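Please open the structure in the viewer and display the side chains.

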Amino acid sequence: YDLVIVGGGPAGVALAAEVLSRGMDRESVVILEQAKRESWTIRKLYPEQKLVTANYKGQPPETLGVMKFADMGKGDAIDLMTHSLLEHGATIKFDTGVHTIEKRDGNFAIQTNKGIFIAKNCAIGIGIFGKPNKPDYPIPPGLRKKTSFDITSTKISNSRVLVVGGGDSASEYAQHLSKDGNAVSLSLRNSNLHRMNEENRRKVLEMKAADQLTLLANTDVESLNDKGESIEVVFKNNEPAPIEFDRIVYALGGTTPMNFLKVVGVDFQNDVPVFDENFQTNIENLYLVGDLAAGKQGGSIIHALNSSIVVANSIPQYKYKKMKLGLGLGHSTPQT
């Protein structure tokens, strides 16, 4: 793809509309949305009678691109986003959650639950409402500083670490923790790794074969006990017998945007992602749009639309015009 957009909210929809209206080929642009419909936050969190306003905290209400927005009701706002997708022929893949984004040979490899997407440019337009899932048993107060739900909030190294979870995030956490010199164990309820994509499953099995990971399959954590310097993990049915660890990292689904961006490699300053005047991060051709590009003052739909225009302006047209001339195609061939 020329452009993969992560997030099907106002910013993602607007960016797709902008680049498509300027001639980028429809088949070379895709929006990846983890929910079942576009504009999911507006659909789920906004009351039915809420007025969706253009003016937010004194920010200019003027829209500058192909999508025009004014004060309107929730239903009209959703209809605007849906109509824009249809009008410009944008492709959006629903129920597609993005796990991580890596730079490979000048392109981006975007890992999802539906496989890997390869793109020359990537824009992240996820909202700020994400939060990690918690276990169904209490974490003793004395152990809360030794447990975490991401791998970026606290540096973990040279420790005995238990990762709890059986999905792609669990695999990726285990890989990062192993590189930092930790003795990593992975606890999952199933006997196999079917919830992981092929690459993450392969890496876990390779780590296990190289004695870089202890795989605790068919295990279910029942409770935690404070042992002072360590955490005693008790498993249901006492299978296996209790094991002591220095740290526990939960990967039970859900994440915060900050943790996601830090895992991707985006720089932060005072808990705010760093980007330039074109909303490009420290990673070349990786952009932020919408709430993530608004800083601490907060974003709005108008800001989301206008930030997408800036990003569209900064993606050089020659990148895909040149590719059309060179390949005789309207889009690049995805590589795996």
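Four aromatic pairs are present in the structure; rings of Phe, Tyr and Trp (its six-membered ring) pair if their centres lie within 6.5 Å, and planes under 30 degrees apart count as stacked, over 60 as edge-to-face and the rest as tilted. This is a predicted model, in which local features need pLDDT of at least 70, side-chain atom pairs count only at pLDDT 80 or more, and totals for chains, interfaces and linings use all residues. Residues are numbered from 1 along each chain as its sequence is written, and side-chain values use heavy atoms, with hydrogens and water left out.

Select tyrosine 1 and phenylalanine 117 to begin. Their pair is tilted, with 6.1 Å from centre to centre and 40° between the planes. Both tyrosine 1 and phenylalanine 117 are buried, a term for under 20% relative accessible area, against over 50% for exposed and partly exposed in between (1.4 Å probe, protein chains only).

Next, select phenylalanine 149 and tyrosine 250. Because their ring centres are 5.3 Å apart and their planes meet at 25°, the pair is stacked. Phenylalanine 149 counts as buried at 17% relative accessibility, and tyrosine 250 likewise at 1%.

A charge sits over a ring if NZ of Lys or CZ of Arg is within 6 Å of the ring centre and within 35 degrees of the ring normal. Finally, select lysine 262, whose charged end sits over the ring of phenylalanine 268 at 5.3 Å from its centre.
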